[in-house]
Amino acid sequence: MHDVLVIPSIDIKDGKTVRVVQGIPEMQTCNYGNDPIETAMLWRAENAKIIHIVDFDCSWTYSHKNYDIISKICDSVIIPVEMGGGVSTINDAEQIFQLGVYRIIIGSLIFNDEKEFLKILEKYGAQKVVAAMDVVNDEIVIGGRELNTHTSAVNYAKHLADIGVERIIVTDVKRNGMLIGPNIELTKSIAESSEINITHSGGISGYNDLMKVVEAVPSRIDSVIIGRALYENKFSCQKIWRAAESDIFT
């Protein structure tokens, strides 16, 4: 069986862990509570090798109110933390890295101001800066997933590869948090067209869906972000990591 890196997601709004359904955050109702720091420590205890954070306040209103929490998360776990949301300038990127974040995820800025994005990419490198592609009906959406650019996801992925991006996080927004299964065909088409490494996000409802991602590893899909399914105990966390964990973080 191929290896795939399982990445737990922590979505933060107003200082709390929230559940995101089709890009819209709402309060968590699971047993893990709503403290992002405690959540991060839980995923570390469950043997996570990296944690994925989305800061919705920064993404939607450019607020930095969650930065102290994110810094504490980085201090509380000994694994890399990657973060997305609200990076609009190279100064934003520098500030986020100063929090202790290992890797930043950039989406809207690439589309709105590619020159600024390239400054960030040149300064920090492709291992530290990855691209986010939020997709609705095979087209890229930006601005907190509220604006449809009418740009083909596959063509955009090719462009990202051309400008030096080495990893893309692909999210089918309509499946995000819905527990209805992953859109593997979309992710595979992006992986095969761009020929760079892909992290799949969205739709994972349990072990069988995870195995669909594992089967797609030969097409350069090497990792998967899982949120709601973990919070709602749709499978045993330890079973996931024993079955599909990759020991190499790239």
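How many disulfides does a search of the whole structure find? The search finds 0 disulfides. Note that this is a predicted model.

1. Cysteines. Cys58 is buried, and its relative accessible area is 1%. Cys74 is buried as well, with a relative accessible area of 12%. Both values fall under 20%, so both residues count as buried.

2. Packing of two helices. Helix α1 covers residues 36–45 and helix α3 covers residues 67–76. Their axes lie 9 Å apart, and the helices pack at an angle of about 25 degrees. Angles under 35 degrees count as roughly parallel, and α1 and α3 are therefore roughly parallel to each other. The crossing of α1 and α3 is right-handed.

3. Residues at the helix contact. On the α1 side, the contact is made by Pro36, Ile37, Ala40 and Met41. On the α3 side, they meet Ile69, Lys72, Ile73 and Ser76. The residues of this contact divide into 6 nonpolar, 1 polar and 1 charged.

4. A residue in strand β12. Ile225 is part of strand β12, which spans residues 221–226. Ile225 is buried, because its relative accessible area of 5% is under 20%.

5. Surroundings of Ile225. Leaving aside residues up to four places away in sequence, Ile225 touches Ile7, Ser9, His52, Glu82, Ile169, Thr199, His200, Ser201 and Gly202. One of these, Gly202, is 23 residues from Ile225 along the chain, and the C-alpha atoms of Gly202 and Ile225 are separated by 7.3 Å.

Conventions. Residues are numbered from 1 along each chain as its sequence is written. This is a predicted model: local features need pLDDT of at least 70, side-chain atom pairs count only at pLDDT 80 or more; totals for chains, interfaces and linings use all residues. Side-chain values use heavy atoms; hydrogens and water are left out. Axes are lines fitted to C-alpha atoms, for helices over the stretch in contact, and angles run from 0 to 180 degrees between N-to-C directions. Helices (H or I, at least four residues) and strands (E, at least two) are DSSP runs, numbered from the N terminus. Angles under 35 degrees count as roughly parallel, over 145 as roughly antiparallel, 65 to 115 as roughly perpendicular and the rest as oblique. A crossing is left-handed if the near helix is turned anticlockwise from the far one by less than a right angle, and right-handed if clockwise. Contact means heavy atoms within 4.5 Å. Ala, Val, Leu, Ile, Met, Phe, Trp, Tyr, Cys and Pro count as nonpolar, Asp, Glu, Lys and Arg as charged, and the others, Gly among them, as polar. A disulfide is a pair of cysteine sulfur atoms within 2.5 Å. Buried means under 20% relative accessible area, exposed over 50%, partly exposed in between (1.4 Å probe, protein chains only).
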